[in-house]
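Please look through the structure below. The text after it goes from the whole chain to a few side chains.

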Amino acid sequence: MSRRKSLILILSLAVICLPAALFAEGQKGGVRPCRTSDLIGTWEMKNISAKIKLDFKDSFGWPYQRYAFDRRGDVKEMTSTTPIESDKAKVKKFDNAASTSKFTINERGILSISKIESPNPETCMCSYATKDVPEEILAKIPAAKRAQIPHKGDIVLTYVNSNSQPVLIKSFRRV
């Protein structure tokens, strides 16, 4: 993929990942590609949005997800149909679990997670929110949608189809 096409893809995904309002009214930026240093730590999924039909037998689309990335490139994941953050037993199990995957991220923010037992990595665009949506713009967004909007410091994982169209977006907040 050419550098220009890559840049267009990144910009397109960034606009999709965060509300267009963040880029309006003179706001600059608002997102950038994730860096390894952004990912280190534990993250809880706050929202999932899909333009594809999710198979709820597949844990990939479950509503509660937790990731932990470390400096060695290890990542561990937990998915659940019930909340994780408020369940002390689940949190303890997650904290004590061994890593089951490795991750890499390139300068364009393309994140690849390779499970130890699978030769095919899960690849997505990783964006880091550098700003909150201003309050005056947030007030224009329906209250039910406000909780879905990433905050400064959140990461957004965008999965695309073979035509580079976003089909699934997950946003995470550091725990």
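Among contacts in the protein between residues at least 6 apart in sequence, 54% join residues at least 24 apart. The model is a predicted one. Its protein has five helices and nine strands, which from the N terminus run α-β-α-β-β-β-α-β-β-β-α-α-β-β. Of the 175 residues, 41% are buried. The accessible surface comes to about 10200 Å², and carbon and sulfur atoms account for 55% of that surface.

F60 is in the loop between β2 and β3, Y159 is in strand β8, and the two are 99 residues apart. F60 is partly exposed, at 24% relative accessibility, whereas Y159 is buried, at 7%.

F69 and F103 form an edge-to-face pair, 4.9 Å centre to centre with 85° between the planes. F69 lies in strand β3 and F103 in strand β5, so this pair ties together parts 34 residues apart in sequence. F69 counts as buried because its relative accessibility, 5%, is under 20%. F103 is buried too, at 7%.

K170 lies over the face of F60, 3.7 Å from the ring centre, and K76 lies over the face of F94, at 5.2 Å.

E44, in strand β2, is buried, with a relative accessible area of 4%. A polar atom of the E44 side chain lies 3.4 Å from the backbone nitrogen of E85. Leaving out residues up to four places away in sequence, E44 touches residues including R66, I84, F172 and R173.

Technical notes: Residues are numbered from 1 along each chain as its sequence is written. This is a predicted model: local features need pLDDT of at least 70, side-chain atom pairs count only at pLDDT 80 or more; totals for chains, interfaces and linings use all residues. Side-chain values use heavy atoms; hydrogens and water are left out. Helices (H or I, at least four residues) and strands (E, at least two) are DSSP runs, numbered from the N terminus. Buried means under 20% relative accessible area, exposed over 50%, partly exposed in between (1.4 Å probe, protein chains only). A polar contact is a pair of N or O atoms within 3.5 Å; within protein, one must be able to donate a hydrogen and the other to accept it, and residues adjacent in sequence count only if both atoms are side-chain atoms. Contact means heavy atoms within 4.5 Å. Accessible areas come from the Shrake-Rupley method with a 1.4 Å probe; for residues, only the protein chains shown count as cover. Rings of Phe, Tyr and Trp (its six-membered ring) pair if their centres lie within 6.5 Å; planes under 30 degrees apart count as stacked, over 60 as edge-to-face and the rest as tilted. A charge sits over a ring if NZ of Lys or CZ of Arg is within 6 Å of the ring centre and within 35 degrees of the ring normal.
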